[in-house]
Amino acid sequence: MNATLIAVIVVVALIAVLGIYVWATYNSLVTLRVRVDEAWSDITVQLKRRADLIPALVETVKGYAAHEKGVFDSVTQARAETISAQGPAEASVAEGHMQSALKSIFAVAEAYPQLQASQNFLQLQSELVDTENKIQAARRFYNGGVREYNTKIQLFPNSLFAKGMGFTQREFFEVEDVAAISEPPRIQF
(Lines give C-alpha, C1' and ligand atoms only; values in the text may rest on other atoms or scores of the structure.)
Protein backbone atom coordinates (compact mmCIF):
# COMPACT_ATOMS: atom_id res chain seq x y z
CA MET A 1 0.00 0.00 0.00
CA ASN A 2 2.86 2.35 0.75
CA ALA A 3 4.37 1.81 -2.70
CA THR A 4 1.00 2.43 -4.36
CA LEU A 5 0.52 5.66 -2.44
CA ILE A 6 4.01 6.86 -3.38
CA ALA A 7 3.36 6.01 -7.06
CA VAL A 8 0.07 7.93 -6.99
CA ILE A 9 1.74 10.93 -5.35
CA VAL A 10 4.53 10.90 -7.95
CA VAL A 11 2.02 10.68 -10.84
CA VAL A 12 -0.11 13.48 -9.37
CA ALA A 13 3.01 15.61 -8.84
CA LEU A 14 4.16 15.03 -12.42
CA ILE A 15 0.71 15.92 -13.76
CA ALA A 16 0.68 19.05 -11.58
CA VAL A 17 4.14 20.12 -12.79
CA LEU A 18 3.14 19.49 -16.41
CA GLY A 19 -0.10 21.41 -15.90
CA ILE A 20 1.73 24.35 -14.34
CA TYR A 21 4.25 24.33 -17.20
CA VAL A 22 1.51 24.30 -19.87
CA TRP A 23 -0.42 27.02 -18.01
CA ALA A 24 2.67 29.26 -17.68
CA THR A 25 3.72 28.69 -21.30
CA TYR A 26 0.22 29.39 -22.58
CA ASN A 27 0.06 32.65 -20.63
CA SER A 28 3.48 33.78 -21.84
CA LEU A 29 2.55 32.98 -25.46
CA VAL A 30 -0.69 34.97 -25.09
CA THR A 31 1.32 37.88 -23.66
CA LEU A 32 3.75 37.77 -26.57
CA ARG A 33 0.94 37.52 -29.12
CA VAL A 34 -0.78 40.56 -27.64
CA ARG A 35 2.52 42.44 -27.68
CA VAL A 36 2.95 41.63 -31.39
CA ASP A 37 -0.62 42.75 -32.10
CA GLU A 38 0.04 45.98 -30.21
CA ALA A 39 3.26 46.57 -32.15
CA TRP A 40 1.42 46.01 -35.46
CA SER A 41 -1.18 48.52 -34.32
CA ASP A 42 1.61 51.03 -33.66
CA ILE A 43 2.87 50.56 -37.22
CA THR A 44 -0.58 51.09 -38.67
CA VAL A 45 -1.04 54.25 -36.57
CA GLN A 46 2.19 55.70 -37.95
CA LEU A 47 1.38 54.66 -41.51
CA LYS A 48 -2.02 56.34 -41.13
CA ARG A 49 -0.35 59.47 -39.77
CA ARG A 50 1.91 59.56 -42.80
CA ALA A 51 -1.02 58.92 -45.12
CA ASP A 52 -2.84 61.85 -43.51
CA LEU A 53 0.15 64.13 -44.11
CA ILE A 54 0.45 63.20 -47.79
CA PRO A 55 -2.64 65.09 -49.08
CA ALA A 56 -1.47 68.32 -47.40
CA LEU A 57 1.99 67.86 -48.88
CA VAL A 58 0.58 67.14 -52.34
CA GLU A 59 -1.69 70.19 -52.22
CA THR A 60 1.21 72.41 -51.16
CA VAL A 61 3.42 71.15 -53.98
CA LYS A 62 0.56 71.26 -56.52
CA GLY A 63 0.30 74.99 -56.11
CA TYR A 64 3.86 75.36 -57.39
CA ALA A 65 4.11 72.47 -59.82
CA ALA A 66 0.67 71.94 -61.32
CA HIS A 67 2.10 70.30 -64.45
CA GLU A 68 3.62 67.37 -62.51
CA LYS A 69 0.39 65.31 -62.57
CA GLY A 70 2.14 61.92 -62.86
CA VAL A 71 3.99 62.50 -59.59
CA PHE A 72 0.80 63.43 -57.78
CA ASP A 73 -1.02 60.41 -59.16
CA SER A 74 1.74 58.05 -57.97
CA VAL A 75 1.71 59.61 -54.49
CA THR A 76 -2.07 59.30 -54.31
CA GLN A 77 -1.91 55.66 -55.45
CA ALA A 78 0.84 54.83 -52.94
CA ARG A 79 -1.19 56.46 -50.17
CA ALA A 80 -4.23 54.35 -51.07
CA GLU A 81 -2.12 51.17 -51.04
CA THR A 82 -0.73 52.06 -47.62
CA ILE A 83 -4.16 52.65 -46.14
CA SER A 84 -5.66 49.46 -47.57
CA ALA A 85 -2.71 47.14 -46.78
CA GLN A 86 -3.67 44.14 -44.67
CA GLY A 87 -0.80 42.48 -42.81
CA PRO A 88 2.95 42.77 -43.01
CA ALA A 89 3.37 41.39 -46.55
CA GLU A 90 0.98 43.87 -48.18
CA ALA A 91 2.25 46.69 -45.98
CA SER A 92 5.83 46.05 -47.05
CA VAL A 93 4.89 46.24 -50.74
CA ALA A 94 2.94 49.45 -50.08
CA GLU A 95 5.90 50.80 -48.10
CA GLY A 96 8.19 50.41 -51.11
CA HIS A 97 5.72 52.22 -53.37
CA MET A 98 5.29 55.02 -50.81
CA GLN A 99 9.05 55.53 -50.51
CA SER A 100 9.36 55.82 -54.29
CA ALA A 101 6.47 58.26 -54.48
CA LEU A 102 7.87 60.43 -51.70
CA LYS A 103 11.26 60.55 -53.39
CA SER A 104 9.66 61.74 -56.61
CA ILE A 105 7.59 64.43 -54.92
CA PHE A 106 10.66 65.76 -53.12
CA ALA A 107 12.55 65.68 -56.41
CA VAL A 108 9.83 67.86 -57.92
CA ALA A 109 10.04 70.19 -54.92
CA GLU A 110 13.77 70.65 -55.49
CA ALA A 111 13.00 72.27 -58.85
CA TYR A 112 10.95 75.02 -57.17
CA PRO A 113 13.04 77.18 -54.80
CA GLN A 114 10.02 79.27 -53.77
CA LEU A 115 8.28 76.06 -52.65
CA GLN A 116 11.27 75.10 -50.55
CA ALA A 117 11.03 78.48 -48.86
CA SER A 118 7.32 77.99 -48.02
CA GLN A 119 6.80 77.66 -44.27
CA ASN A 120 3.92 75.26 -44.81
CA PHE A 121 6.05 73.00 -47.00
CA LEU A 122 8.94 73.08 -44.53
CA GLN A 123 6.62 72.15 -41.66
CA LEU A 124 5.11 69.29 -43.66
CA GLN A 125 8.58 68.01 -44.52
CA SER A 126 9.57 68.12 -40.86
CA GLU A 127 6.45 66.24 -39.79
CA LEU A 128 7.00 63.67 -42.52
CA VAL A 129 10.60 63.06 -41.45
CA ASP A 130 9.41 62.67 -37.84
CA THR A 131 6.75 60.21 -38.97
CA GLU A 132 9.27 58.21 -41.03
CA ASN A 133 11.45 57.89 -37.92
CA LYS A 134 8.46 56.72 -35.89
CA ILE A 135 7.56 54.17 -38.57
CA GLN A 136 11.10 52.77 -38.47
CA ALA A 137 11.01 52.55 -34.66
CA ALA A 138 7.58 50.88 -34.71
CA ARG A 139 8.78 48.43 -37.36
CA ARG A 140 11.82 47.50 -35.26
CA PHE A 141 9.64 47.04 -32.17
CA TYR A 142 7.19 44.88 -34.13
CA ASN A 143 9.92 42.71 -35.62
CA GLY A 144 11.49 42.28 -32.17
CA GLY A 145 8.15 41.13 -30.79
CA VAL A 146 7.64 38.75 -33.71
CA ARG A 147 11.14 37.34 -33.20
CA GLU A 148 10.48 36.71 -29.50
CA TYR A 149 7.03 35.22 -30.16
CA ASN A 150 8.19 32.96 -33.02
CA THR A 151 11.18 31.79 -30.99
CA LYS A 152 9.00 30.87 -28.03
CA ILE A 153 6.68 28.87 -30.31
CA GLN A 154 9.58 26.98 -31.90
CA LEU A 155 11.42 26.11 -28.68
CA PHE A 156 11.15 22.57 -27.44
CA PRO A 157 8.88 21.46 -25.69
CA ASN A 158 6.63 24.45 -26.55
CA SER A 159 6.67 23.35 -30.19
CA LEU A 160 4.85 20.16 -29.18
CA PHE A 161 1.65 21.89 -28.16
CA ALA A 162 1.81 25.59 -29.20
CA LYS A 163 0.23 25.01 -32.61
CA GLY A 164 -2.49 22.86 -31.06
CA MET A 165 -3.38 25.76 -28.77
CA GLY A 166 -3.75 28.12 -31.72
CA PHE A 167 -0.34 29.81 -31.72
CA THR A 168 1.10 30.21 -35.21
CA GLN A 169 4.14 32.09 -36.36
CA ARG A 170 3.82 35.71 -37.45
CA GLU A 171 5.38 37.42 -40.45
CA PHE A 172 8.17 39.94 -40.05
CA PHE A 173 7.63 43.39 -41.52
CA GLU A 174 10.12 43.32 -44.35
CA VAL A 175 10.24 45.83 -47.12
CA GLU A 176 10.13 44.32 -50.59
CA ASP A 177 12.55 46.83 -52.14
CA VAL A 178 15.27 47.42 -49.55
CA ALA A 179 17.06 49.90 -51.82
CA ALA A 180 13.97 52.12 -51.87
CA ILE A 181 14.16 52.66 -48.12
CA SER A 182 17.88 52.39 -47.55
CA GLU A 183 17.92 56.11 -46.97
CA PRO A 184 15.09 58.42 -45.97
CA PRO A 185 13.61 60.84 -48.51
CA ARG A 186 16.17 63.54 -49.21
CA ILE A 187 15.14 66.97 -48.06
CA GLN A 188 17.08 70.01 -49.16
CA PHE A 189 16.53 73.47 -47.77
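User: What makes Thr-25 a contact partner of other residues, leaving aside its neighbours within four places in sequence?

Analyst: Contact here requires heavy atoms within 4.5 Å. In this predicted model, Thr-25 is in contact with Asn-158 and Phe-161, once its neighbours within four places in sequence are left aside. Thr-25 itself is found in helix α1. Along the sequence, Thr-25 and Phe-161 are 136 residues apart, while their C-alpha atoms are 9.9 Å apart in space.

User: How do you know whether Thr-25 is buried or exposed?

Analyst: We compare its value with the cut-off: buried means under 20% relative accessible area. Thr-25 has 4%, so it is buried.

User: Why does Thr-82 count as buried?

Analyst: Its relative accessibility is 8%, and buried means under 20%. Thr-82 lies in helix α2. Leaving aside neighbours within four places in sequence, its contacts are Leu-47, Arg-50, Ala-94 and Met-98.

User: What makes the approach between Thr-82 and Ala-78 a polar contact?

Analyst: A pair of N or O atoms must be within 3.5 Å, with one able to donate a hydrogen and the other to accept it. A polar atom of the Thr-82 side chain lies 3.0 Å from the backbone oxygen of Ala-78.

User: And how do you know that Thr-131 is buried?

Analyst: Its relative accessibility is 0%, so Thr-131 counts as buried. This residue is found in helix α5. Here too a side-chain polar atom sits by a backbone oxygen, with Thr-131 at 2.8 Å from the oxygen of Glu-127. Not counting residues up to four places away in sequence, Thr-131 touches Gln-46, Arg-49, Arg-50 and Leu-53.

User: How many aromatic pairs does the structure hold?

Analyst: There are 4 aromatic pairs. One of the pairs is formed by Trp-40 and Phe-173.

User: Why is the pair of Trp-40 and Phe-173 called tilted?

Analyst: Two steps lead there. Ring centres must lie within 6.5 Å for a pair, and these are 5.9 Å apart. Next comes the angle: under 30 degrees would be stacked and over 60 edge-to-face, with the rest called tilted. The planes are at 40 degrees, so the pair is tilted.

User: What does this pair tie together?

Analyst: Trp-40 lies in helix α1 and Phe-173 in the loop between α6 and α7, so the pair ties together parts that are 133 residues apart in sequence. Both residues are buried. Ring pairs also link Trp-40, Tyr-142 and Phe-173 into a cluster.

User: Finally, which residues have the most contacts inside the largest nonpolar core?

Analyst: They are Ile-54, Leu-57, Leu-102, Ile-105, Phe-106 and Leu-128, in a core of 20 residues. The elements giving two or more residues to this core are α1, α2, α3 and α5. Of these, α3 gives the most, with 7 residues. Another core, of 19 residues, lies apart from it and includes Leu-29, Ile-43, Ala-91 and Val-146.

User: How many helices and strands does the protein chain have?

Analyst: The chain has 7 helices and 0 strands. Of its 189 residues, 36% count as buried.

Notes: Residues are numbered from 1 along each chain as its sequence is written. This is a predicted model: local features need pLDDT of at least 70, side-chain atom pairs count only at pLDDT 80 or more; totals for chains, interfaces and linings use all residues. Side-chain values use heavy atoms; hydrogens and water are left out. A nonpolar core is a set of buried Ala, Val, Leu, Ile, Met, Phe, Trp, Tyr and Cys residues joined through side-chain atoms within 4.5 Å. Buried means under 20% relative accessible area, exposed over 50%, partly exposed in between (1.4 Å probe, protein chains only). Helices (H or I, at least four residues) and strands (E, at least two) are DSSP runs, numbered from the N terminus. Rings of Phe, Tyr and Trp (its six-membered ring) pair if their centres lie within 6.5 Å; planes under 30 degrees apart count as stacked, over 60 as edge-to-face and the rest as tilted.
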